Amino acid sequence: MKNGLSTPYVELDRPAWAALRAATPLSLTESELEALRGTADPTSLDEVRDIYLPLSRLLNLYVKATRQRHSAVRGFLGEDDRPAPFIIGIAGSVAVGKSTTARLLHRLLAQWPEHPNVELVGTDNFLYPNAVLEQRGIMNRKGFPESYDRRALVRFVSEMKAGAAQLRIPVYSHLAYDIVPGAVQTVDRPDILIVEGINVLQPPPANRLAVADFFDFSIYVDAKTEHIRSWYLDRFSELRRTAFSDPRSYFHDMATTVPEDTAREFALQTWRGINEVNLVDNIRPTRARATLVLYKGEDHQVRRVRLRKT
Ligand SMILES: Nc1ncnc2c1ncn2[C@@H]1O[C@H](COP(=O)(O)OP(=O)(O)O)[C@@H](O)[C@H]1O
Ligand SMILES: CC(C)(COP(=O)(O)O)[C@@H](O)C(=O)NCCC(=O)O
């Protein structure tokens, strides 16, 4: 229906969204942005100004409103414990640029005048180790729902929400392409927790809780599949010149013995056989549940923003 009453969403083009920045100041320099950008990601200061500052302003309003609601409920119950962390989920395909979005928000939110303690957690930390994936015959399903320890991830966000201190979670390394044995990330009662990963809006199995049940706000980063494919391939080429040349890289042979066209074909097969199937079957179907969708054009710039109003 076109009357706008039957849809819970409002869609804004880039200029309309950018205008909602109001007076939010830009507090990021080009060199700081450089350090936050992912490999082959061209996000510019214009993008920060037009897209991320309005988002930072909206999140600030959400955090304040959520705090007020929690404190009303605590008052009702006669409790006076500290507020639960505000949890933001960031979803989207492999290679769409979620981690740049997550790192930018991490930085912008931490710079609010109230200086909240913001923590960022990637769901790749909850992937099963390669040894387990191999044992289960699902090494070629890395990133699919069954490749994650879903229960451990749900337990983590649920304990965070309940105010648990010093939670220790595993650590995934893109370089090793595996969970790092013995490594831990400690997350200690942040004011705001950002949880980033392809699977964060996935529905739960029947009668179970989903990670997204603990989110106060969620963002889906979207683009046309053909554009994400070319970003994936370009990034693979760039990684061949950079990260893969590190002898510790799982893909070291791609930078040394494997010729360029064979490496590109390998990347294309990985995209087609794993990441695109996962995008179409499992990731994009979760988009409707996001509070906010960022639609990127071919040049990685956000063209439109869709916000859930209700
Ligand atoms: N094989 C790899 N080796 C090193 N870094 C990688 C590799 N694959 C992905 N990355 C990096 O890991 C980060 C997350 O990538 P990904 O999960 O595809 O999500 P997104 O591109 O949406 O942030 C990116 O910054 C990317 O550059
Ligand atoms: C580790 C990933 C599943 C991303 O996981 P996420 O951080 O989104 O939970 C992905 O980067 C990946 O490795 N996919 C497998 C196919 C590939 O090598 O591209």
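1. Residues are numbered from 1 along each chain as its sequence is written, and chains are lettered from A and ligands numbered from 1 in the order in which they are written. Because the model is predicted, local features need pLDDT of at least 70 and side-chain atom pairs count only at pLDDT 80 or more, while totals for chains, interfaces and linings use all residues.

2. Helix 3 (residues 45–77) and helix 4 (residues 98–110) have axes that come within 10 Å and cross at roughly 55°, helices being DSSP runs of H or I with at least four residues, numbered from the N terminus, and axes being lines fitted to C-alpha atoms over the stretch in contact, with angles from 0 to 180 degrees between N-to-C directions. The two helices are therefore oblique to each other.

3. On the side of helix 3, V48, Y52, S56 and L59 make this contact, and they meet L104, L105, L108 and L109 of helix 4 (C-beta atoms, placed from the backbone, within 7 Å). These residues comprise seven nonpolar, one polar and no charged (Ala, Val, Leu, Ile, Met, Phe, Trp, Tyr, Cys and Pro count as nonpolar, Asp, Glu, Lys and Arg as charged, and the others, Gly among them, as polar).

4. Around ligand 1 there are 15 residues, of which G38, T39, K98, S99 and H174 come nearest (a residue is near if its C-beta atom, placed from the backbone, lies within 6 Å). Helix 4 and helix 7 (225–241) each supply at least two residues of this shell, which by class has seven nonpolar, six polar and two charged residues.

5. The surroundings of ligand 2 include V94, D124, K142 and N275, and helix 9 (residues 260–283) gives the largest share of that shell, three residues.

Note on methods
Parallel < 35°, antiparallel > 145°, perpendicular 65-115°, else oblique. Contact = placed C-beta atoms within 7 Å.
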